[in-house]
Amino acid sequence: MLDIKNLKVSFNDGRKGIAVSGIDLHMEAGDTLGLVGESGSGKTVTALTVAGLLQKDRATVEGEVMFEGKDLLKCTVDEMRLLQGKDIGVIFQEPMTSLDPLMRIGRQIEETVKVHCKFSAEERRRMALEVMRLVGLPEPDVTYKKYPHQLSGGQRQRAMIASAFITHPKLLILDEPTTALDVTIQAQILELLKKLNEKCGVSLLFISHDLRVVRRVCKKVAVMYHGEIVEQGDTDQVFNNPQHEYTKRLVEAVTTRRRANV
Amino acid sequence: MRYVLKKACVFVATLLVISVFVFLAFQIIPGDPTTRMLGTQATPEKVEALREELGLNAPPVLRYFRWLKGFVTGDFGMSYSYNMPVNELLSGKLGITAALTVLSFIMVVLISFPLGILLARFAHSLTDRLFMLFNQIVMSIPPFFVGIIFTYIFGLVLKLFTPGEFIHHADDSAGFWGYLFFPALAIALPKSAMVVKILRSSMVSQLQEDYVRTAFSRGNSHWRVLRMHVLRNAIIPVVTFLAVTLVDIFAASIIIEQVFAIPGLGRLLLGSITGRDLPVVQTIIMIIAVIVITVNFIADISYKYIDPRIRFR
Amino acid sequence: MRRTPNYNLILGCTLTAATVSVIILGFFWTPYEPDAMSIAERSVSPCAAHLLGTDNFGRDILSRVMQGAGTTLEIAFLAVSIGATCGTLIGGLTGYFGGIADEIIMRVNDAVTAFPSVLLALVAVAITGGGKTNLIIVLGILFIPSFARVVRGEFAKQRNMDYVKNAKLMGVTNLRIMFVHILPNIAPVLLSSIAIGFNNAVLAEASMSFLGVGVGPTESASLGRMLLDAEAYLFSAPWQALSAGFAITILILGFALISDGMGYRPTWRPVAKRRRKADA
């Protein structure tokens with residue numbers, strides 16, 4: 001379904017130079033792929049490229065990003081727009097700032113439908129309430145009318161998921177979706193994502209710096225380091241038997257920290 | 001609601017304090033009004049009689065309250081130079097200035113909003129940069145100079161209107177607004193440039209926000225993101241700036257009335273200042289103060305109501 | 001961040017430097033005597049002998065613009081000096097020490113700055129009478145609140161910085177902390193306010209003189225006064241009004257570009273801004 005070949009991204013404004021240097025990734029429908037790496041390793045840039053959110057005048061992109069047989073890099077802005085939100089949903093790291101502070105939650109969730117399909121306001125509302133129930137937002141009728149600042153961080157992230165999921169996209173890109181949340185909320189959100197994947201068959205491209213988080217949701221994992229993928233494979237295999245030096249350190253860091261915690 | 005109440009109290013208190021200042025300011029002005037009304041040759045008895053009649057012999061505190069009561073009830077006293085009640089002098093003039101101000105304000109909104117949005121859409125492009133430089137130049141032209149240029153081009157050369165021949169609303173409504181068009185535009189141009197600058201920079205800074213990225217990720221078109229998300233957020237600081245602009249426009253219309261010979265509040269104020277007709281000056285100043293404070297009061301309230309983050313706290 | 005040259009600042013400084021040079025030149029040398037009248041050369045349109053033409057008395061407009069701009073700048077300079085000095089003192093003291101005096105002064109400040117400065121100047125001149133000296137004093141006093149506000153905000157911010165606390169621990173006197181330690185740190189903000197102050201002062205002088213309540217007809221030429229005098233001859237000799245008007249515009253533009261380049265942004269609503277800071 002998603003096939004990334006030799007993707008290269010470099011910034012024009014001389015900020016960092018090359019952000020992603022020739023990576024390959026492959027996902028089938030229903031797959032859950034974790035993209036792990038430290039900040040600045042190019043994982044977010046990769047995600048933004050797939051989502052078509054990279055500002056074109058700021059970055060040079062080469063290679064191929066095939067989504068359902070279509071090269072996203074060759075799409076025009078309008079062609080890309082037809083996919084954004086409808087087939088590809090994105091959830092960002094900061095639920096605090098990722099929602100428009102002046103728009104009611106319900107309307108933000110519906111917006112994806114409004115942009116892509118011709119449904120009546122009543123139908124849109126019904127769809128929004130349904131997806132809100134699905135993602136576990138309390139009292140959908142009430143929450144529908146609330147503003148983002150009236151929700152907790154976890155609820156906001158659920159609202160973000162609802163807004164991305166209302167159109168039942170084929171691919172959800174999650175850019176550190178739980179990093180800004182408390183540990184307990186984090187677990188709930190991860191469970192929710194897992195449920196969406198298992199029940200509805202949506203593919204997840206999960207970006208995180210935290211190997212443990214990725215392990216809980218993703219079956220496959222790719223480790224990025226300095227713009228390159230240094231190791232990829234089944235999550236358990238990579239986790240139990242890391243090959244690359246960087247992965248080893250990453251795994252080690254996680255396990256020692258856990259031991260220290262206990 | 002408590003917020004509004006609190007603001008309303010501050011509003012009234014501010015007005016009272018300013019009224020005290022205005023009253024005091026006109027007490028320290030040298031020169032007796034009786035000399036002005038009766039001339040320097042008047043007999044002391046006549047002067048004394050007039051002082052008594054005008055209530056000038058009462059203690060200052062009492063005079064202040066008399067004056068304040070008069071102001072509130074619309075009794076502004078007598079003009080020295082016209083020898084008629086100030087409120088008769090004012091009637092009609094206030095309307096003309098208000099019409100000029102409102103017309104100009106509408107122009108500012110109509111000019112600056114589309115331009116600001118358009119510039120934000122193409123921010124940092126060459127066109128944007130060049131236009132912003134042009135914008136800065138327009139901003140720097142004093143409104144009265146714009147008025148003079150307009151008078152020359154549209155009045156004297158193109159003869160679209162006759163400078164100096166003001167048309168009263170009662171005589172010809174269309175002609176009235178037609179005559180006000182160029183003065184209003186003269187005020188509106190530099191002010192619009194200012195609002196364009198602020199709206200553009202507010203939108204450009206909002207464009208950096210995370211929720212804009214979210215909006216794009218939903219497949220919104222660029223224009224829809226600007227209209228539905230960015231503009232609504234960017235407008236909050238601009239709305240309050242518009243209040244300041246409204247007051248500025250009002251001040252500018254007082255000056256522009258000189259250029260276009262519009263018989264409004266500004267001409268009366270200026271004439272009264274040069275003629276030292278103090279009751280008129282005092283009344284106009286107090287009216288201006290009430291307008292300025294009211295506009296700011298409304299801006300303060302609307303500022304809180306426009307933003308749900310503050311509304312629902 | 002992309003580093004682009006600060007075009008506004010460069011352009012503004014160049015423009016201001018150029019105009020100020022011409023003005024300073026005007027103090028020592030003008031093409032003609034600014035007040036020399038000539039019946040033979042009345043209302044001459046711009047030509048080689050008179051670059052900007054002559055007015056209805058046959059006076060050379062370029063010379064008068066040079067002199068008039070000098071007067072305008074002189075008024076602006078003195079007014080801004082008064083405003084900036086007193087404003088810095090008041091703002092520094094209230095911002096550094098805080099307390100009830102701070103509250104009261106800032107309230108008064110808020111009320112005063114709500115009024116457009118030209119209106120306030122008009123009112124003040126109605127009380128004191130016109131003329132150059134009065135205008136300077138009135139404008140100077142009117143500029144105090146805006147400077148005081150800016151400086152107060154900066155001092156209140158700096159007051160809690162570590163370097164100030166350190167200095168206090170070392171026994172440096174408050175006065176020395178304020179003027180030797182803090183003041184240099186707020187220089188950029190202050191300079192930007194001074195630039196915008198010049199901008200407002202030139203505009204205010206021009207407006208007041210144009211309204212006939214500023215620089216008097218018998219005093220030296222000023223740009224606003226020239227514009228007022230030229231208005232009557234707008235049709236027959238438009239170059240008079242245009243010269244004076246554009247001179248005002250160029251002066252204002254120079255200062256506006258400088259303050260813009262220094263990062264001055266017109267505040268939306270200082271009252272609300274201050275409150276939000278207190279909430280945080």
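Modeller: Start with a right-handed β-α-β unit in chain A: S7(A), helix H7 (residues 183–200) and S8(A). Right-handed means that, with the strands pointing away from the viewer, the path from the first strand over the helix to the second runs clockwise. Helices (H or I, at least four residues) and strands (E, at least two) are DSSP runs, numbered from the N terminus.

Colleague: Is this experimental or predicted, and how is it numbered?

Modeller: It is a predicted model: local features need pLDDT of at least 70, side-chain atom pairs count only at pLDDT 80 or more, and totals for chains, interfaces and linings use all residues. Residues count from 1 along each chain as its sequence is written, chains are lettered from A and ligands numbered from 1 in the order written, and side-chain values use heavy atoms, leaving out hydrogens and water.

Colleague: Which strands pair with S8(A)?

Modeller: Strand S3 (residues 32–36) of chain A does, parallel, over 5 bridges. Strand S7 (residues 171–175) of chain A is also parallel to S8(A), over 5 bridges. Pairing takes at least two DSSP bridges between two strands.

Colleague: Who faces Val36(A) in S8(A)?

Modeller: Ser208(A) is its bridge partner. On the S7(A) side, Leu172(A) stands opposite Leu204(A).

Colleague: How many residues of S8(A) are buried?

Modeller: 6 of 6, across residues 203–208. Buried is under 20% relative accessible area, exposed over 50%, partly exposed in between (1.4 Å probe, protein chains only). Ser203(A), Leu205(A) and Ile207(A) point one way, and Leu204(A), Phe206(A) and Ser208(A) the other.

Colleague: What does Ser253(B) touch?

Modeller: Thr97(B), Leu100(B), Thr101(B) and Ile187(B), not counting residues up to four places away in sequence. Contact means heavy atoms within 4.5 Å.
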